[in-house]
Amino acid sequence: MDDHGRGPGPRPEGDAGAPREPLEDDLPRPLPYEGVWRFTAAPVDASVPQARHAVRDLLLRQGVPISDDLVQGLLLIVSELVTNAVRHAALLSPVLAVEVAVGAEWVRVSVEDNHPYRPTALETDHGRTGGRGLLLVREITREAGGVCDVEHTASGGKVIWAALPLKPTRLF
């Protein structure tokens, strides 16, 4: 007898081929570490290490299955994005928001501020210090097999985000 891929378990009585309404137990459940967390911070230098520590602690507390290399890359991304918001958006953005979203196979961090300027990644200028944070974010993201972007918000500000796979395609 062909089980049509259903396995050897017991079968319901009646018309086995008849469609039925899905039960709550049939629906995919989120993994224990999946979710979205958001916190706000003042656009001051002290917010950079606070954001980095908050993200690290969240990943640990939720039991996210993430490699140490990927955590280090992700924390560097958070540091760069928060630093950029502190340095360039503080005048127009009295508060910045950091969001961490974790799915079954990816983790996404974003920083939102109220400044309308959409930054671009600068190429290397060896005579200049600083100014390459977004380039660094883009490269870390690319090496991990992820994606990053800058988007405008409905309020006229911007959100810069990076999404990385939990199982990186290439280690740093």
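This is a predicted model: local features need pLDDT of at least 70, side-chain atom pairs count only at pLDDT 80 or more; totals for chains, interfaces and linings use all residues.
1. Now for the overall layout. The chain holds three helices and five strands, and from the N terminus on their order reads β-α-α-β-β-α-β-β.

2. On burial and surface, 37% of the 172 residues in the chain are buried. The accessible surface of the chain is about 10,800 Å², and carbon and sulfur atoms contribute 55% of that surface.

3. Thr141 is one to look up in the viewer. This residue sits in helix α3, which covers residues 133–143. Is Thr141 buried or exposed? Its relative accessible area is 1%, so Thr141 counts as buried, the cut-off being under 20%.

4. Which residues does Thr141 touch, leaving aside those up to four places away in sequence? They are Ile77, Gly146, Val147, Cys148, Ala162, Ala163 and Leu164. Leu70 is also worth a glance: Thr141 and Leu70 are 71 residues apart along the chain, with 9.7 Å between their C-alpha atoms.

5. Val86 belongs to helix α2, residues 68–89, and with a relative accessible area of 9% Val86 is buried.

6. Setting aside residues up to four places away in sequence, Val86 is in touch with Pro43, Val44, Asp45 and Leu96. From Val86 to Val48 the C-alpha to C-alpha distance is 8.3 Å, for a pair 38 residues apart in sequence.

Conventions: Residues are numbered from 1 along each chain as its sequence is written. Side-chain values use heavy atoms; hydrogens and water are left out. Helices (H or I, at least four residues) and strands (E, at least two) are DSSP runs, numbered from the N terminus. Buried means under 20% relative accessible area, exposed over 50%, partly exposed in between (1.4 Å probe, protein chains only). Contact means heavy atoms within 4.5 Å. Accessible areas come from the Shrake-Rupley method with a 1.4 Å probe; for residues, only the protein chains shown count as cover.
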